[in-house]
Amino acid sequence: MLVRILVLLYLAGAPALAQTLCQPNASNGYRVRLSIKTALGNQAYEWNENEMFLFRATMAFTMRRYYKTETYNVDNIIVCNQTLRVSFWFVVTSPDNSTMLIPQADVEKAVSMSRHRINNAFLLTDRTLEFLGIPPTLAGPVNPDTPPWLIVFGVVIGAVFAGIIALLVSSLLQKRRKEKGMMEDGQDEEDRQMKGVENGNILDGIYNRGFTDDNRFTKL
């Protein structure tokens with residue numbers, strides 16, 4: 001009987017204790033602001049008690065992961081001052097003493113460690129699920145699969161081969177132009193000689209009187 005009375009007294013005092021521990025602008029508390037409609041548009045879900053339970057469970061997981069212990073549960077995550085625009089304050093209590101709050105610095109480190117897991121749980125990002133006072137996580141540096149020196153080497157080798165190919169093509173074009181010019185000069189010379197013969201002009205060779213029009217060679 002005494003145990004039941006103590007349990008009832010504890011349950012009756014728990015809300016008052018939680019209200020005392022979790023207050024806006026509390027020294028060890030954080031404000032959370034969600035922009036579900038902005039992030040998901042027409043596919044936005046309604047924020048309700050189930051979503052709040054998921055948040056508390058996610059934060060309990062975050063604290064377990066940070067401290068590497070399994071003693072945290074949803075009862076250690078106290079939420080207060082919830083608004084319709086989906087914002088609220090929360091604090092984390094110690095599993096060993098429900099009246100003692102976890103320092104704000106430890107909560108911040110725990111959130112930063114599991115930030116992507118928290119975001120994924122609600123289909124949001126650092127911009128649409130904000131822990132006010134905790135800076136957003138920065139994307140890690142991208143390590144390329146190919147070493148930078150190999151990329152530079154490939155670029156240099158490619159430039160060298162491109163230069164060699166350009167030089168060979170240029171030489172080949174010049175050679176073809178030269179041969180074409182020689183052929184055109186020979187054709188012009190041949191045409192000039194043929195034109196001279198047609199006009200009765202003898203350009204080269206021995207004078208042949210058999211092809212002259214002199215009347216002295218046509219008289220009987």
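Predicted model: local features only at pLDDT ≥ 70, side-chain atom pairs only at ≥ 80, totals over all residues.

I number residues from 1 along each chain as its sequence is written, and side-chain values use heavy atoms, with hydrogens and water left out.

Cores. I looked for nonpolar cores (buried Ala, Val, Leu, Ile, Met, Phe, Trp, Tyr and Cys joined through side-chain atoms within 4.5 Å; buried is under 20% relative accessible area, exposed over 50%, partly exposed in between, 1.4 Å probe, protein chains only). The largest has 26 residues, and Leu34, Trp47, Phe55, Phe90 and Phe131 have the most contacts inside it. Helix 3 gives the most, five residues (helices are DSSP runs of H or I, at least four residues; strands are E, at least two; numbered from the N terminus). I also found a second, separate core of seven residues, including Cys22, Ile78, Val91 and Leu101.

Sulfur. How many disulfides does the structure hold? One, using sulfur atoms within 2.5 Å as the cut-off. Cysteine 22 and cysteine 80 form this disulfide, with sulfurs 2.1 Å apart. The S-S torsion is about -75 degrees, so I log the disulfide as left-handed. Cysteine 22 sits in the loop between helix 1 and strand 1 and cysteine 80 in strand 2, so the pair ties together parts 58 residues apart in sequence. Cysteine 22 is buried at 1% relative accessibility, and cysteine 80 is buried at 8%.
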